[in-house]
Each structure stands twice: as structure tokens, then as C-alpha cells.
Amino acid sequence: MADIPLIGKKEENSNNTLNIVQCPKCQYKYFETLHLIQIISELMSKSGKKEMIMVPVFRCGKCGFILNETKE
Ligand SMILES: [Zn+2]
């Protein structure tokens, strides 16, 4: 996971304790889900076979900023 500072905002007029994540660039709060597909080689995989894993990433619906983009 990349260390991206998230801007959390507490909903003040409700009882829930969920924080709304806002885009660090434009403060927009709606995100689309995309998937990063990583391939694990035979050597790294527990099963001894090549494996594909899907990692969800979140893209700001307004400016397109990727919230948890990996640096690799
Ligand atoms: Zn944004």
C-alpha cells in the first residue's frame, strides 16, 4: 500500500463513525473502482503456479486522481 495521506471528514449530523474519504487534490468524494492486476510468478506463489491477483484501486470521479496507486 502506498502512503497517501487521506483526508477524512466526519459526518457531524449522524451517529455513524464512518469517515468520508475525499480526493486529496480536489476534495471530491465519489470514486470509481478500477482493478490493478498483479501476476505472481511460479517462484513466489504458494501453489507453485503463476497467479493473477486483482487489487482494487480507487479513482476520483472528478479529476481522475488514483487514490491508492502503487509506486511500482
Ligand atoms: Zn479529485
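Where is the place of Leu67, in the segment after which strand? Leu67 lies in the segment after β4 (51-60).

The model is predicted: local features need pLDDT of at least 70, side-chain atom pairs count only at pLDDT 80 or more, and totals for chains, interfaces and linings use all residues. Residues are numbered from 1 along each chain as its sequence is written.

**View 1. The protein chain has 4 strands and 0 helices.** Helices (H or I, at least four residues) and strands (E, at least two) are DSSP runs, numbered from the N terminus. Along the sequence, the pattern reads β-β-β-β. The protein chain has 72 residues, and 3% of them are buried. Buried means that 20 or more other C-beta atoms lie within 10 Å of a residue's own; exposed means 12 or fewer; partly exposed is in between; C-beta atoms are placed from the backbone. Two residues are in contact if their C-beta atoms, placed from the backbone, lie within 7 Å. Of the contacts with a separation of 6 or more, 41% join residues 24 or more positions apart.

**View 2. Leu67 follows β4 (51-60) in the chain.** Leu67 is partly exposed because 17 other C-beta atoms lie within 10 Å. Phe31 is 36 residues from Leu67 along the chain. The C-alpha atoms of Leu67 and Phe31 are separated by 8.8 Å.

**View 3. Gln27 sits in the loop between β2 (19-22) and β3 (31-40).** Gln27 is exposed because 12 other C-beta atoms lie within 10 Å. Gln27 is not a glycine, yet its phi is positive, at about 65°. Most residues other than glycine have a negative phi.
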